[in-house]
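Hi,

Here is the structure I promised to pass on. Have a look at it first, and my notes follow below.

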Amino acid sequence: KQFIEETSQEKAVHKAVIRLDKTALRYLGDQHYYNGFVSQTDKNEQVEMVFLTPSLSGLAHWFLLLGEAADVVAPEELKQLVLEKIEKIRDRLFKVC
């Protein structure tokens, strides 16, 4: 806890919260640690994960790897970044070559 407080004072970090279906936990490996993972709370069929990250854009990119197994709880800015990335992917999928 002390390390997290010191790190967040040294660098600009954003708190983000996502919920992940428990069935998808096995796919995480150590990836969530690279994105600023802080804690995890059991929420019935899901787990709620808290992150302190210097890059919401990077977290949004990683979040997309979780597919339909995850939800963004907060912040709203992360939801918007995920949506923008989804729209760019959609545009590329339907782009005529």
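By salt bridge I mean a side-chain nitrogen of Lys or Arg within 4 Å of a carboxyl oxygen of Asp or Glu. Bear in mind that this is a predicted model: local features need pLDDT of at least 70, side-chain atom pairs count only at pLDDT 80 or more, and totals for chains, interfaces and linings use all residues. Residues are numbered from 1 along each chain as its sequence is written, and side-chain values use heavy atoms, leaving out hydrogens and water.

The whole structure has four salt bridges. One of them joins Arg19 to Glu48, with the closest N and O atoms 2.7 Å apart. Arg19 sits in strand 1 and Glu48 in strand 3, so this pair ties together parts 29 residues apart in sequence. (Strands are DSSP E runs of at least two residues, helices are H or I runs of at least four, and both are numbered from the N terminus.) Glu48 is buried at 16% relative accessibility, while Arg19 is partly exposed at 29%; buried is under 20%, exposed over 50%, partly exposed in between, with a 1.4 Å probe and protein chains only.

Another salt bridge pairs Lys79 with Glu76 at 4.0 Å, N to O. Both lie in helix 3, three residues apart, about one turn of the helix.

Gln46 is also in strand 3, and is buried at 16%. Beyond its neighbours within four places in sequence, Gln46 has contacts (heavy atoms within 4.5 Å) that include Arg19, Thr41 and Asp71.

Cheers
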